[in-house]
Amino acid sequence: MSSKKDREQKLLLFISKKQTYMTSEELSNQLEISRKTVYRIIKDINEAFPKGDLILSEKGRGYKLDYEKYICLGESIVNKNNDFSPAERRDRIMEELLLYSPKARNVNELYSDYFLSETVIFNDEQIIADELKQYNLQLVRKNRTVLIKGREEDIRKAITDKIQRMNIINVNDLKNNDDLNFNHYDVLYILDQIKSIEKKLEITIHYPYDVNIFSHLYILISRLRKVGLKNISHREETIESKESSISSKDLLIYRAAESTISNIEKYLNVKLPESEIVYLYQYLVSSRMGSSTTLATFSGNVTELTQLYLDEMSQRLAITIHSETIFLDLANHIKPMLNRLSHGIRVKNSLLNQIKMTYETIYQEVADVSKEVSRRYGLPDINDDENGFLTLYFARIIETNQLPIRTIIMCTTGVGTSELLRVKIAKKFPELEIIEVIAYRDLKEITEKFPGTELIVTTINFEESVPIQTLLVSAMLTEDDQSRLQKKIKEIYNER
């Protein structure tokens, strides 16, 4: 994703969490960008949105998201302008060079659609060369040709990262997506192969694992089409070197990979080395395929790591986690996660930014535990995407096991409108346990009479200091009151 689109997504994610207007200064401080950039991003978003302004503005109040339009929007802004930004242009050039590697491309042909000066092309090459360094790849310019040199594993990893930046959520959407630089017939063929794998193994491969497998097969077919088999280096790895460690269930997965590679050989009329079967097998065993129901299906390593995460997170979040269902669910994620770490496979987490923002504390604790896990067991570093997936498990545990918030309603007399307020709150906020409706004169006795109270919802603006969260509302509990009460509930849950 280009930096422009990245900024747009971050602004939308941040403003979507706020139900009130925010000034440009507040947005500037929160997103660490200039106010001028805030204005420009909002203008670009509104101009790109086909159904009127997505971000509303009001003089003196600032900006607010039209939330109904936002949730209809989906994952990304629809850009009316088909022109590529410089970052998007470089992404396409780099993808083309990676797919053709180690063959060289003529510079004039490579840039023929972009009408650029030599200075701009030279600048593009410098930026691409710098980005390739993280994959241990080298951009080589010779006269009027350019190529990428490096190991096959590194080339495929770079292409995979490029594809995954497109934030593909549903692989079936690729059938009719004209915005992506994909061969339509290859897309349809690969989707059929994924369905065939699911049928053979009697499973459903869900997102994001289906996207990972699609990316792997698309890269294989594209590279074979563009450069041919003789120009692709292959690892000398076969199933025989792994037979002692493959269970009977995993052998079925290997057979499915074998069948798929055989189909691709017929599709392209080429004979592939067995290492390609191993490649695909590694992607499949690194994907979550249904849920195991007994502990016997897990290795001692998976069981030990799962329990370590549960114990550490229980302590850090001050919650009790003693459930076989939770253990099995988490273990079913950790098992393929360990395979991904072992094979150097990275699964893109398209919700990562939103997870970090919504569950900031949980995410940070998970990341700290993951560092300890990697250190203690000698594992590769567990990346941000994996930590984001793990965070969702513990966020779900908290969301589904939250105790209700013990709440007191306080009005002038404790009768009349206060009872109406009780009924309204009880109906709209089941997460609140209303333990009593009291009069203002009883405020000083709350902690003694009602221990464990976490929230006072009051219609009186009092000045006395109490060691309990308070929220001032009107007796009619307006929509604004309800919005502020929902925010207060979230704050209390986060503090827990």
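This briefing walks through the main features of one protein chain. The model is predicted: local features need pLDDT of at least 70, side-chain atom pairs count only at pLDDT 80 or more, and totals for chains, interfaces and linings use all residues. Residues are numbered from 1 along each chain as its sequence is written, and side-chain values use heavy atoms, with hydrogens and water left out.

**Confidence**

- pLDDT is the predictor's confidence in each residue, from 0 to 100. The protein chain averages 84, and 88% of the residues score at least 70.
- Among the elements, helix α16 (residues 360-377) has the highest mean pLDDT, 94. Helix α4 (residues 67-73) has the lowest, 71.
- Residues 75-82 have pLDDT below 50, and this stretch has 13 contacts in the model beyond near neighbours in sequence. Contact means heavy atoms within 4.5 Å.
- Residues 241-245 also fall below 50, with four contacts beyond near neighbours in sequence.
- Where pLDDT is low, the predicted coordinates should not be read in detail.

**The four-stranded sheet**

- Helices (H or I, at least four residues) and strands (E, at least two) are DSSP runs, numbered from the N terminus.
- Four strands form an open sheet in the order β7-β6-β8-β9, with parallel pairing. Two strands pair if DSSP finds at least two bridges between them.
- β7 (432-439) and β9 (469-472) stand at the edges. Each has a single partner strand, so one side of each is left without a neighbour in the sheet.
- From one strand to the next, the twist averages 25°.
- Strands β6 (residues 405-411) and β8 (residues 455-458) run parallel and are joined by four bridges. I409 stands opposite V457 in β8.

**Helices across the sheet**

- Helix α18 (residues 417-428) lies across β6, β7 and β8. Helix α18 runs at about 175° to β7.
- Helix α20 (residues 479-495) lies across β6, β7, β8 and β9, at about 170° to β9.
- For these angles, axes are lines fitted to C-alpha atoms, for helices over the stretch in contact, and angles run from 0 to 180 degrees between N-to-C directions.

**Helix α9 and what follows it**

- Helix α9 (residues 184-201) has 18 residues, which at 1.5 Å a residue should span 26 Å. The expected span is 1.5 Å times one less than the number of residues. The end C-alpha atoms of α9 are 26 Å apart, which agrees.
- At the start of α9, a side-chain oxygen of N183 reaches to within 2.9 Å of the backbone nitrogen of Y185.
- Buried residues of α9 include D186, V187, Y189 and I190. Buried means under 20% relative accessible area, exposed over 50%, partly exposed in between (1.4 Å probe, protein chains only).
- E202 has a positive phi of about 55° although it is not a glycine.
- E202 is exposed, with a relative accessible area of 74%.

- T306 lies in helix α13 (residues 300-317). At 0% relative accessibility, T306 counts as buried. Leaving aside neighbours within four places in sequence, T306 is in contact with F327, L330, A331 and I334.
- A cis peptide bond joins S101 and P102, with omega about 10°. P102 sits in the loop between α5 (86-100) and β3 (105-106).
- The peptide bond from Y207 to P208 is cis, with omega near 5°.
- N143 is not a glycine, yet has a positive phi of about 55°. N143 is exposed, with a relative accessible area of 69%.

Key:
Polar contact = N/O pair within 3.5 Å; in protein donor to acceptor, adjacent residues only side chain to side chain.
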